[in-house]
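Look at the structure below before reading on. The paragraphs that follow take its side-chain pairings in turn.

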Amino acid sequence: LAEQAADLLVAQEAAPRLRDTVDLLDVRCVRKTDFVDRLVEVRDLPGDAIEFGGYQGGLSFFLGLCIKDLGLAKKIFLLDSFEGLPQTDPELDGPFEGGTMVSDAQVVSALRSRFGLDDVVDIRPGWFEDSVRQLPGNARFCLAHLDADVYRSTKIALEYLLPRLVEGGAVVLDDCVFPDATGVIRAAEEVLGRDQHLHLGPKTQAFVFPRGDPGRQRPAPVWR
């Protein structure tokens with residue numbers, strides 16, 4: 001699968017505008033994360049996947065390729081403002097600044113088509129508080145990636161997600177342990193509760209199973 005993704009990137013030579021986004025699907029970087037492990041763990045659960053803060057689409061596209069490769073009847077909802085981060089709280093969000101991390105929805109959509117993922121990745125532009133209201137009323141999720149970076153966006157995402165997360169579903173939090181920024185972990189504590197067990201890593205990520213951990217033999221979490 002990694003080789004397939006790499007081949008797709010090479011094929012972008014014919015599309016210079018898309019080739020500018022080659023770094024968004026760095027297979028070597030993605031393979032270091034636990035996302036594929038999480039997807040395999042929840043593959044038999046009902047529900048789809050969702051990413052809050054899809055940016056240029058790299059992770060959603062990689063997981064979309066995994067879903068197709070595994071033959072799963074699932075899709076991924078990719079949510080992003082495509083206008084960068086919203087206004088931030090310097091005390092909670094530290095170095096993250098509003099208006100940064102801007103991406104181009106048209107480029108992301110074109111890249112989705114290039115990867116043959118139009119039927120797997122559902123792109124929903126807009127601020128989270130608006131775009132979640134446009135999602136299917138019966139939506140349920142078994143895997144969620146929150147790369148919202150800041151307190152307010154993370155809290156909005158978790159408040160929407162938690163009632164719709166199936167039993168055994170996994171939530172991956174990016175920037176959960178980030179220097180000088182406590183917004184993500186603060187939002188997680190307020191919505192999920194302070195007694196949730198967070199498995200740390202890699203890097204600044206953490207993952208958690210708010211409605212029960214399906215991995216009975218999983219090593220004890222690093223942080224509570």
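Buried means under 20% relative accessible area, exposed means over 50%, and partly exposed covers what lies in between (1.4 Å probe, protein chains only). This is a predicted model: local features need pLDDT of at least 70, side-chain atom pairs count only at pLDDT 80 or more, and totals for chains, interfaces and linings use all residues. Residues are numbered from 1 along each chain as its sequence is written, and side-chain values use heavy atoms, with hydrogens and water left out.

Start with the aromatic rings. Rings of Phe, Tyr and Trp (its six-membered ring) pair if their centres lie within 6.5 Å; planes under 30 degrees apart count as stacked, over 60 as edge-to-face and the rest as tilted. A search of the whole structure gives 6 aromatic pairs. One of them joins Phe61 and Phe115, edge-to-face, with 5.7 Å from centre to centre and 85 degrees between the planes. Phe61 lies in helix 5 (residues 58-70), and Phe115 lies in the loop between helix 7 (105-114) and strand 3 (121-125), so this pair ties together parts 54 residues apart in sequence. Helices (H or I, at least four residues) and strands (E, at least two) are DSSP runs, numbered from the N terminus. Phe115 counts as buried because its relative accessibility is 6%.

Phe77 and Phe141 also pair edge-to-face, at 6.1 Å centre to centre and 85 degrees between the planes. This pair links distant parts of the chain: Phe77 sits in strand 2 (residues 76-80) and Phe141 in strand 4 (residues 141-146), 64 residues apart. Both Phe77 and Phe141 are buried.

Back in helix 5 is Ser60. Its relative accessibility is 1%, so Ser60 counts as buried. Leaving aside residues up to four places away in sequence, Ser60 touches Glu51, Ile76, Leu78 and Val121 (contact means heavy atoms within 4.5 Å).

Now turn to the charged side chains. A salt bridge is a side-chain nitrogen of Lys or Arg within 4 Å of a carboxyl oxygen of Asp or Glu. The whole structure holds 8 salt bridges. In one, the side chains of Glu129 and Arg152 meet at 3.3 Å, N to O. Glu129 is in helix 8 (residues 128-131) and Arg152 in helix 9 (residues 151-161), so the link spans distant parts of the chain, 23 residues apart. Glu129 is partly exposed at 26% relative accessibility, and Arg152 is partly exposed at 44%.

Asp130 bridges to Arg133, with the closest N and O atoms 2.9 Å apart. Asp130 is partly exposed, at 35%, whereas Arg133 is exposed, at 60%.

Which residue does Lys155 bridge to? The partner is Glu190, and the closest N and O atoms are 2.9 Å apart. This pair also links distant parts of the chain: Lys155 is in helix 9 and Glu190 in helix 10 (residues 183-192), 35 residues apart. Lys155 is partly exposed, at 23%, and Glu190 is partly exposed, at 40%. Elsewhere, salt bridges that share partners join Lys75, Asp122 and Arg124 into one network.

Arg38 lies over the face of Phe207, 4.0 Å from the ring centre (NZ of Lys or CZ of Arg must be within 6 Å of the ring centre and within 35 degrees of the ring normal).
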